[in-house]
Number of protein chains: 2
Amino acid sequence: MYVSVSRLRIDASKAPQLVDAFRQRAGLVDAFEGFLRLEVWQSDREVGEILMVSHWESRECFKRYMRSAEHRVSHDRIDTALLDAITLERLEHVQSYEVVGT
Amino acid sequence: MYVSVSRLRIDASKAPQLVDAFRQRAGLVDAFEGFLRLEVWQSDREVGEILMVSHWESRECFKRYMRSAEHRVSHDRIDTALLDAITLERLEHVQSYEVVGT
């Protein structure tokens, strides 16, 4: 199993809007081959720190999705003002892991 | 739902031993009230970066476990040499989150 973590940071006042956007997501990824689940985590210390955590059967499935039309459509429907408000902290804060034990 | 993340760092040569230790864990936590699941994540870029990710029904359940005899027993059975080899990078790298969307 493979996990991708994107760490987003947004002004605390806009955090509820970002959480809502995830709750109303298009869900196009759900039917994608190898997709297992997506969770949205909000820090209990800093509400503006939000992690998008997706589980995949393998790294290959994840990479295939990132290059897909479904991913582009999902991203493009996000409100532009909200997108502008998000700072993807740094590229290295998109991290990925093999799940090696449960 | 509540998530606790402990980021451990160990010399790459000892990473397989740490992963094995998790696979052979006592499992005392599994029956604890409010425990949902534990995953062990290994970075695909740095094999010595290992995250212990546990899911809980609530923050209260997690805190109760951290103060429990079960937690102490689980921790105490870890090989001392292995424990010494682990550097818990910093205290703030034990992070916790509310799961606000799926």
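1. Phe32(B) is buried, and Tyr65(B) is buried too; buried here is under 20% relative accessible area, exposed is over 50%, and partly exposed is in between, with a 1.4 Å probe and protein chains only. This is a predicted model, where local features need pLDDT of at least 70 and side-chain atom pairs count only at pLDDT 80 or more, while totals for chains, interfaces and linings use all residues. Residues are numbered from 1 along each chain as its sequence is written, chains are lettered from A and ligands numbered from 1 in the order in which they are written, and side-chain values use heavy atoms, with hydrogens and water left out.

2. Now the aromatic rings. Over all chains there are 13 aromatic pairs; rings of Phe, Tyr and Trp (its six-membered ring) pair if their centres lie within 6.5 Å, with planes under 30 degrees apart counted as stacked, over 60 as edge-to-face and the rest as tilted. Take Tyr97(A) and Trp41(B): their ring centres are 5.5 Å apart and the planes sit at 40°, so this pair is tilted. Tyr97(A) belongs to strand S5 (residues 94-101) of chain A and Trp41(B) to strand S2 (residues 35-43) of chain B, so the pair joins two chains. Strands (E, at least two residues) and helices (H or I, at least four) are DSSP runs, numbered from the N terminus. Both Tyr97(A) and Trp41(B) are buried.

3. Back to Phe32(B) and Tyr65(B): with centres 5.1 Å apart and planes at 75°, their rings are edge-to-face. The two are 33 residues apart, Phe32(B) in the loop between helix H1 (15-23) and S2 of chain B, and Tyr65(B) in helix H2 (residues 59-66) of chain B.

4. On to the nonpolar cores, meaning sets of buried Ala, Val, Leu, Ile, Met, Phe, Trp, Tyr and Cys residues joined through side-chain atoms within 4.5 Å. The largest one has 14 residues, and Val5(A), Trp41(A), Val53(A), Val5(B), Trp41(B) and Val53(B) have the most contacts inside it. Apart from this core lies another, of 12 residues, including Ile10(A) and Phe22(A). Leaving aside neighbours within four places in sequence, the contacts of Val53(A) (heavy atoms within 4.5 Å) include Val5(A), Trp41(A) and Trp41(B).

5. What about the interface? Chain A and chain B each put 29 residues into the contact. Between them they bury about 2400 Å², 50% of it on carbon and sulfur atoms; buried area is the accessible area (1.4 Å probe) that two parts lose on being put together, summed over both. Trp41(A), Tyr97(A) and Val100(A) supply 29% of the area that chain A buries against chain B, more than any other three residues.

6. Last, the charges. The whole structure has 18 salt bridges over all chains, each a side-chain nitrogen of Lys or Arg within 4 Å of a carboxyl oxygen of Asp or Glu. Across the interface of chain A and chain B there are 4. Among them, Arg59(B) pairs with Asp44(A), the closest N and O atoms being 3.7 Å apart. This pair runs from helix H2 of chain B to the loop between S2 and S3 of chain A. Arg59(B) is partly exposed at 35% relative accessibility, and Asp44(A) is partly exposed at 32%. Asp44(B) and Arg59(A) also meet in a salt bridge (3.7 Å, N to O).
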